[in-house]
Amino acid sequence: MRESKYDLPCNIAQTLNIIGDRWTLLVLHEILAGRTTFNEIKKELNGISSNILSDRLKHLEQSGLVSSSLYSEHPPRYEYRLTESGKELEGVFNAMIMWGRNNLDKCYKKLIHTECKHEVELAYYCPHCKRNVDELEAIELETVDTTGLK
């Protein structure tokens, strides 16, 4: 396992320890987009070296975001799929596409509602209240006392 770059009690920092290396998010995005073999991913990511791509795929597999399966024995070739945990990053990618649409000088994609073809907005939903919410906050989780003392 890799050394953690960020030793901080923060979800963002700990997530970056897994997906924050150069090329890692782009590799995940290619798999999400349906390019599942090493050669397909490498072809789409102009500029990534084979050893870096191999390293990122191994790291993503060790981190539980990607699984691999052998599809050719001679030479050995693997197909890569996102695990359930990896698939949950789709919302992160969508948020990045929407951020880019609103903030980049040159934008390449937008998210649309498949049915009516209009652009969508990001919304947060509270399953308890059963409605979309505008006001939210990140709060600290209570830590578990493993010593039995309070």
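At a relative accessibility of 13%, Thr37 counts as buried (buried is under 20% relative accessible area, exposed over 50% and partly exposed in between, for a 1.4 Å probe and protein chains only). The structure is a predicted model, in which local features need pLDDT of at least 70 and side-chain atom pairs count only at pLDDT 80 or more, while totals for chains, interfaces and linings use all residues. Residues are numbered from 1 along each chain as its sequence is written, and side-chain values use heavy atoms, with hydrogens and water left out.

Thr37 sits in the loop between H2 and helix H3 (38–44); helices (H or I, at least four residues) and strands (E, at least two) are DSSP runs, numbered from the N terminus. Residues up to four places away in sequence aside, Thr37 touches Tyr71 and Tyr78, where contact means heavy atoms within 4.5 Å. Gly34, which also follows H2, has a positive phi, near 100°.

H2 itself holds several buried residues: Thr24, Val27, Leu28, His29, Glu30 and Ile31. The cover over these residues includes helix H1 (11–19), H3, H4, strand S1 (66–72), strand S2 (77–82) and H6. Leu32, also in helix H2, counts as partly exposed because its relative accessibility is 29%. Beyond its neighbours within four places in sequence, Leu32 is in contact with Leu82, Glu90 and Phe93. Leu32 and Phe93 are 61 residues apart in sequence, with their C-alpha atoms 9.6 Å apart in space.

Two packed helices are described by the angle between their axes and the distance between the axes. Axes are lines fitted to C-alpha atoms, for helices over the stretch in contact, and angles run from 0 to 180 degrees between N-to-C directions. For helix H2 (residues 24–32) and helix H4 (residues 50–62), the axes come within 10 Å and cross at roughly 75°. H2 is therefore roughly perpendicular to H4 (65 to 115 degrees; under 35 is roughly parallel, over 145 roughly antiparallel and the rest oblique). On the H2 side, Thr24, Val27, Leu28 and Ile31 meet Leu53, Arg56, Leu57 and Leu60 of H4. This contact of H2 with H4 has 6 nonpolar, 1 polar and 1 charged residues (Ala, Val, Leu, Ile, Met, Phe, Trp, Tyr, Cys and Pro count as nonpolar, Asp, Glu, Lys and Arg as charged, and the others, Gly among them, as polar).

H2 also packs with H6, at an angle of about 105° and with the axes 11 Å apart. H2 and H6 are therefore roughly perpendicular to each other. Leu25, Leu28, His29 and Leu32 of H2 make this contact with Glu90, Phe93 and Met96 of H6. By class, the contact of H2 with H6 comprises 5 nonpolar, 1 polar and 1 charged residues.

The largest pocket has a volume of about 470 Å³. Its lining consists of 15 residues, with Leu26, His29, Met96, Ile97 and Lys109 nearest the centre. H2 and helix H6 (90–103) each supply at least two residues of this lining, and H6 gives the most, with 6 residues. By class, the lining of the largest pocket divides into 9 nonpolar, 2 polar and 4 charged residues. On a 1 Å grid over the protein atoms alone, a pocket is an open set of points where a 1.4 Å probe fits, with protein on both sides within 12 Å along at least five of seven lines, and lining residues have an atom within 4 Å of a point. Grid points are joined across faces, edges and corners, and a volume is the space filled by probe spheres set on the points.
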